[in-house]
Amino acid sequence: MPSTSTPRAIALIDVNNFYVSCERVFNPKLRNRPVVVLSNNDGCVVSRSDEAKALGIAMGAPWFQIRKFAEQEGVVAYSSNYALYADMSNRVMSILRQFSPAQEVYSIDECFLDLSGFGKRDLTSHAQHLRHTLLQWTGLPVCVGIGRSKTLAKLANHCAKHTPEMKGICDFNVWAPHVVDRYLTGIPVGEVWGIGRRLAAQLCNPKGTGSTDKHAQIHTAFDLKYSDAETMRRRFSVVMEKTIRELNGTVCLALEEIRGPQQQILCTRSFGQPVRDITGLSEALTLYTARAAEKLRRKQLFAGSVYVYIRTSPFRDDRPFYSNALTVPLPMATHDTRHLVQAALWALSQIYQPGHDYAKAGVSLGALVPAHRIQQDLFHDSAPTEKSSRLMQALDAVNRKMGKATLRLASEGKQQAWQMKQDRKSPGYTTDWRGLLQVD
């Protein structure tokens with residue numbers, strides 16, 4: 001346990017422009033150029049280089065709307081390469097474990113480290129070493145924010161990222177309180193962890209704080225820090241109270257080193273082109289269920305239910321909108337792709353309506369349990385389950401060795417014209433032998 005005589009020190013490490021940075025690692029020609037990474041089906045911008053931000057390209061901007069402008073400005077656009085990004089994320093998190101015994105992986109490009117109790121070690125120097133190591137070993141640039149709580153660490157990281165003279169590191173713990181407050185006055189309240197746009201709009205409205213005094217408006221992180229925690233709890237929630245106390249240095253959110261059991265495994269995609277018939281939907285849902293089942297087995301879990309949904313595009317005015325979903329409880333939890341697909345296709349048969357242009361479908365496996373917690377059926381013979389497990393182990397082993405989808409269910413189809421568009425996808429530099437860099 002850290003000494004009570006020294007302040008808590010929580011660091012948030014965040015990879016800068018993560019998707020774009022991953023692309024730049026393997027293509028140095030992209031450095032100092034405006035680069036964006038697009039979402040599924042090359043729909044909208046989900047990652048931007050600083051050069052792209054300087055051109056005014058907004059996060060979430062639809063590609064079809066900005067494409068002409070982007071091409072005129074020399075913007076390079078990539079489709080999302082999720083396998084590459086996940087692999088690079090795993091490398092980053094593995095390296096960061098060497099810098100603290102306590103780590104919480106918060107997202108694909110962010111993690112918290114507990115640096116409390118490091119004695120007289122200069123945490124700024126420690127953070128500099130961390131940044132240098134990550135850049136040297138992975139090629140990815142990061143920013144580090146340090147504070148007494150996770151919320152303050154998040155804001156310190158915001159300062160490190162947006163204040164060039166800090167050179168990617170901001171430690172609130174070494175600053176006098178009035179200096180920290182000066183920086184908090186420049187941070188919009190919507191940037192505070194857990195606030196967001198909707199709550200920010202309420203806080204900026206005097207009625208949102210329960211007061212008619214215009215001075216009661218909360219516009220910045222500084223304003224929120226010095227609001228009354230008890231009053232804000234009554235007006236909003238206990239989460240708001242915890243946020244305010246965290247801004248004042250009181251630890252309310254513990255580091256989650258061990259995550260709780262996963263609640264669901266989701267696989268969903270938008271189609272590359274509209275799907276009108278049930279055959280195309282069946283192929284897509286078979287593939288999505290198979291992918292989810294692979295993840296299920298990798299985590300050594302079993303699913304007790306299958307949730308399926310389909311919908312048309314909500315953005316088309318010339319076609320009626322249709323959306324429906326159904327959850328199928330299973331008689332006994334399973335990780336067998338065949339049984340899960342059978343349930344998913346039955347659900348599809350119940351919710352499918354002809355005559356629609358379907359734009360998206362998805363599968364979610366729920367009621368997840370480890371093997372030792374499966375509720376056996378009184379009339380169920382366990383032998384078929386053991387046989388099923390051996391079959392799935394063989395299936396996964398072949399696909400790992402020979403390549404994804406080497407063995408698959410026939411109901412996935414062959415043509416798969418509905419597959420999402422990834423016309424701008426980079427090679428799988430670290431995940432596919434065919435994507436290895438070649439030196440001429």
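User: In which order do the 5 strands of the open sheet with mixed pairing stand?

Analyst: This is a predicted model: local features need pLDDT of at least 70, side-chain atom pairs count only at pLDDT 80 or more, and totals for chains, interfaces and linings use all residues. Numbering starts from 1 along each chain as its sequence is written, and side-chain values use heavy atoms, without hydrogens and water. Strands (E, at least two residues) and helices (H or I, at least four) are DSSP runs numbered from the N terminus. Two strands pair if DSSP finds at least two bridges between them, and the 5 strands stand in the order β5-β6-β1-β7-β8.

User: Which are the edge strands of this sheet?

Analyst: An edge strand here pairs on one side only. The order runs β5-β6-β1-β7-β8. That leaves two edge strands, β5 (103–107) and β8 (169–171).

User: By how many degrees are neighbouring strands of this sheet turned against each other on average?

Analyst: Axes are lines fitted to C-alpha atoms, for helices over the stretch in contact, and angles run from 0 to 180 degrees between N-to-C directions. For the average over neighbouring strands, direction is ignored. The value is 15 degrees.

User: In which sense do β7 and β8 pair?

Analyst: β7 spans residues 142–147. Its Gly145 stands opposite Cys170 in β8. The two strands share 3 bridges, and the sense is parallel.

User: How many of the residues of β6 are buried?

Analyst: Buried means under 20% relative accessible area, exposed over 50%, and partly exposed in between, with a 1.4 Å probe and protein chains only. One side of β6 carries Glu110, Phe112 and Asp114, the other Cys111 and Leu113, and both faces are covered. The count is 5 of 5.

User: At about what angle does α6 run to β7?

Analyst: Contact means heavy atoms within 4.5 Å. Helix α6 (residues 150–162) lies across β1 (10–15), β5, β6 (110–114), β7 and β8. It is mostly covered, with 11 of its 13 residues buried. Its angle to β7 is about 140 degrees.

User: Why does the length of α6 agree with its 13 residues?

Analyst: The expected span is 1.5 Å times one less than the number of residues. For α6 that should be 18 Å, so the helix agrees with an end-to-end C-alpha distance of 19 Å.

User: Over the ring of which residue does the charged end of Lys150 sit?

Analyst: The criterion is NZ of Lys or CZ of Arg within 6 Å of the ring centre and within 35 degrees of the ring normal. Lys150 is among the buried residues of α6. Its charged end is 4.9 Å from the ring centre of Phe112.

User: How are the planes of Tyr352 and Tyr358 placed in their aromatic pair, and at what angle?

Analyst: Rings of Phe, Tyr and Trp (its six-membered ring) pair if their centres lie within 6.5 Å; planes under 30 degrees apart are stacked, over 60 edge-to-face, the rest tilted. The whole structure has 13 aromatic pairs. In one of them, Tyr352 and Tyr358 lie 5.8 Å centre to centre, tilted at 35 degrees.

User: Is Ile244 buried or exposed?

Analyst: Ile244 belongs to helix α11 (residues 238–247). Beyond four places in sequence, it touches Leu224, Lys225, Ser227, Asp228, Ala229 and Met232. Asp228 is 16 residues away in sequence, yet 8.2 Å in space, C-alpha to C-alpha. Because its relative accessibility is 2%, Ile244 counts as buried.

User: What is the relative accessible area of Ser305?

Analyst: Ser305 is in strand β10 (residues 301–312). Its contacts beyond four places in sequence include Thr327, Pro329, Ser364 and Gly366. Ser305 is buried, and its relative accessible area is 15%.

User: Which helix packs on the open sheet of 3 strands?

Analyst: This sheet has the order β3-β2-β4 with mixed pairing. Its edge strands are β3 (45–48) and β4 (76–79), and its twist averages 30 degrees from one strand to the next. Touching β2, β3 and β4, and at about 115 degrees to β2, is helix α1.
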